[in-house]
Amino acid sequence: MSQPILMKGNEAIAEAAIRAGCRFFAGYPITPQNEIPEYMSRRLPEVGGAFVQAESEVAAINMLYGAAGAGARCMTSSSSPGISLKQEGISYMAGSELPGLIVNIVRGGPGLGTIQPAQSDYFQATKGGGHGDYRLVVYGPDTLQEAVDMVFEAFRVSDAYRNPVMILGDGVLGQMMEPVRFPPEDADVHKVEKPWATTGAGDGDTRLICSIHLEAEELNAHNMHLHEKYQAIKENETLYEEVEMEDAQLCLVAYGTTSRICRAVIEQCRSEGMKVGMIRPITLWPFPDKPISEAAKKVDAFLAVEMSLGQMVEDVRLAVNGRVPVGFFGRTGGLIPTPDEIVAALKRLVEEEGVTS
Amino acid sequence: MSKFEYRLAGSGGQGLILAGIILAEAAGVHEGAYVVQTQSYGPESRGGASRAEVIVSDQTIDYPKVTRPDVVLCLTAEACRRYAGDVASGGLVVVDEEVGKALPSLEESVKVIRLPFLRTAREELGREIVANIVALGAIVGLTDRVSPEAVEKALLGRVPKGTTELNQRAFAHGLQMARGGDCCESAPVT
């Protein structure tokens with residue numbers, strides 16, 4: 001690992017991508033993620049890569065389709081409204097089984113919303129913002145160091161399963177600065193074999209990358225193949241962290257910026273004698289439903305905390321499956337929940353549901 | 001003292017974000033503390049207001065925003081009005097002498113120090129643009145949380161080439177102000 005460097009989240013993500021072997025970036029400006037393309041425009045030419053400021057988000061994601069099809073490790077980034085524009089291309093990449101990293105530094109919505117931080121793109125990221133039966137692998141880091149590490153992980157998974165992946169950050173993570181250490185450059189990136197890539201046939205076989213399957217049987221078989229792949233990702237690539245869950249009676253569920261705030265909540269609650277823990281999804285899809293389902297056998301209640309009006313909480317409720325109460329607390333519009341507000345929400349839950357803490 | 005919060009406020013172009021980055025780098029990279037630096041963006045920075053915040057801690061920093069700053073620096077009247085009031089009980093407000101009249105009433109436990117950052121930068125150093133570094137020096141000297149040596153090391157790596165010597169002098173002037181104390185007052189401002 002390198003010496004620590006003080007960097008903005010957006011810059012750290014961009015530098016991590018370069019060290020992970022990303023050599024193609026296409027994007028279109030939007031706050032609060034502009035430091036990613038800015039950084040890429042400076043750094044990519046230094047390492048022999050290509051940076052394109054596209055004419056639109058739609059163009060950028062389709063350039064990614066092309067670069068991925070040619071076998072390049074590639075990336076685009078945007079923020080909420082821009083990610084909405086990319087959805088058609090993301091669905092096409094999933095249908096064509098093309099790897100690539102999409103970074104969403106989420107801002108408040110719907111519509112143009114605000115440039116302040118939010119977590120209200122969870123549905124779009126994890127439930128398929130585009131059309132068709134497809135999944136994105138979605139990472140929700142909560143520190144800049146984890147964001148750096150997840151860039152490497154995301155590219156690995158993307159190549160291994162030939163599927164687009166997303167890092168879902170927010171305006172806080174994109175704009176704040178923390179010291180980060182970079183792992184050594186990904187030496188394996190050049191060893192990833194892509195026998196499907198359209199690198200020029202020469203005398204070899206014709207290769208075709210597309211997502212069209214007009215025969216019903218053929219598309220069904222393709223969808224079943226994708227489905228099996230998604231099952232394997234669920235089995236092998238789910239990431240989460242348990243915080244003080246050994247004796248917890250109340251379980252917080254939160255990701256990204258909100259989960260770091262929940263760590264302060266745990267500390268505060270425990271100093272008052274409330275046994276609070278947290279399950280923190282690191283991959284948002286696949287969602288860590290097994291550990292949450294297991295925890296539902298032991299804890300008295302869950303509280304999902306998000307910078308939205310309640311999106312991930314639906315996955316928590318699916319995993320808990322009615323066994324114990326699942327409460328929700330959220331702020332929107334760029335407001336960041338404070339530890340005191342979350343503690344108060346926990347106490348309300350305890351009172352309303354008549355559970356012990 | 002596990003967690004210490006700084007807020008540096010003024011107007012865009014005064015270099016307060018750079019000052020915040022230098023402070024964060026000194027503590028986080030050169031002294032190995034946990035640090036988070038954030039800054040205003042979007043609607044908050046419209047009309048030219050600028051705010052940098054730094055949290056320094058010996059533990060991981062969960063809540064990334066400053067809520068009750070231990071130190072607030074204000075280089076404009078607007079910064080005094082908008083940002084000084086959140087200072088923690090027993091905290092410190094450092095304000096440029098030319099804008100201090102705009103301070104709101106503060107708790108009695110809050111210490112207010114008025115120093116001539118803008119005038120010193122303009123008249124003694126010949127460049128008002130280094131008022132940020134003069135102020136950084138003063139804050140570092142007044143708070144004793146991050147060492148002047150670490151800040152100077154970070155400063156050398158962060159200021160534009162060709163301005164190193166000027167910025168070092170500005171930083172030294174600020175430190176000297178903190179030590180001299182001849183312009184200080186400790187009474188609450190009403």
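**View 1. Strand 4 and strand 5 of chain A pair in the parallel sense over four bridges.** Here two strands are said to pair if DSSP finds at least two bridges between them, while strands (E, at least two residues) and helices (H or I, at least four residues) are DSSP runs numbered from the N terminus. This is a predicted model, in which local features need pLDDT of at least 70 and side-chain atom pairs count only at pLDDT 80 or more, whereas totals for chains, interfaces and linings use all residues. Residues are numbered from 1 along each chain as its sequence is written, and chains are lettered from A and ligands numbered from 1 in the order in which they are written. Thr76(A) has Ile102(A) of strand 5 as its bridge partner. Strand 4 is also joined to strand 2 of chain A by two bridges, again running parallel, and Phe24(A) has Cys74(A) of strand 4 as its bridge partner.

**View 2. Strand 4 of chain A is covered on both faces.** Five of the five residues of strand 4 are buried, so this strand is largely enclosed by the rest of the structure; a residue is called buried if 20 or more other C-beta atoms lie within 10 Å of its own, exposed if 12 or fewer, and partly exposed in between, with C-beta atoms placed from the backbone. In a regular strand the side chains alternate between the two faces of the sheet. Cys74(A), Thr76(A) and Ser78(A) are buried on one side of strand 4, and Met75(A) and Ser77(A) are buried on the other.

**View 3. Seven strands of chain A form an open sheet with mixed pairing, in the order 3-2-4-5-7-6-12.** Strand 3 (50-53) and strand 12 (283-285) stand at the edges with a single partner strand each, so one side of each is left without a neighbour in the sheet. Neighbouring strands are turned by 20° against each other on average, direction ignored, where axes are lines fitted to C-alpha atoms, for helices over the stretch in contact, and angles run from 0 to 180 degrees between N-to-C directions. Strand 2 (residues 24-27) and strand 3 of chain A pair in the parallel sense over four bridges, and Ala26(A) stands opposite Val52(A) in strand 3. Helix 3 (residues 57-69) of chain A lies across strand 2, strand 3, strand 4 (74-78) and strand 5 (100-106), running at about 165° to strand 4.

**View 4. A further open sheet of chain A has five strands in the order 9-11-10-13-14, with mixed pairing.** Its edge strands are strand 9 (240-243) and strand 14 (326-330), each of which pairs on one side only. Strand 13 (residues 301-306) and strand 14 of chain A run parallel and are joined by five bridges, and the bridge partner of Phe302(A) in strand 14 is Val326(A). Helix 10 (residues 256-271) of chain A packs on the sheet and touches strand 9, strand 10 (250-253), strand 11 (276-281) and strand 13, its direction making about 165° with that of strand 11. Helix 12 (residues 312-320) of chain A lies across strand 10, strand 13 and strand 14, at about 160° to strand 13.

**View 5. Chain A is divided into domain 1 (5-237) and domain 2 (241-353), with bounds that come from an automatic or database domain assignment.** The centres of the two domains of chain A, taken over C-alpha atoms, are separated by 28 Å. Their contact takes 28 residues from domain 1 and 22 residues from domain 2, where two residues are in contact if their C-beta atoms, placed from the backbone, lie within 7 Å. The largest share of the side of domain 1 that touches domain 2, four residues, comes from helix 6 of chain A.

**View 6. Chain A and chain B meet in a contact that takes 18 residues from chain A and 15 residues from chain B.** Helix 8 (171-175), strand 8 (177-180) and helix 10 of chain A each supply at least two residues of the side of chain A that touches chain B, and helix 10 gives the most to that side, with five residues. The residues of this side divide into 12 nonpolar, three polar and three charged, where Ala, Val, Leu, Ile, Met, Phe, Trp, Tyr, Cys and Pro count as nonpolar, Asp, Glu, Lys and Arg as charged, and the others, Gly among them, as polar.
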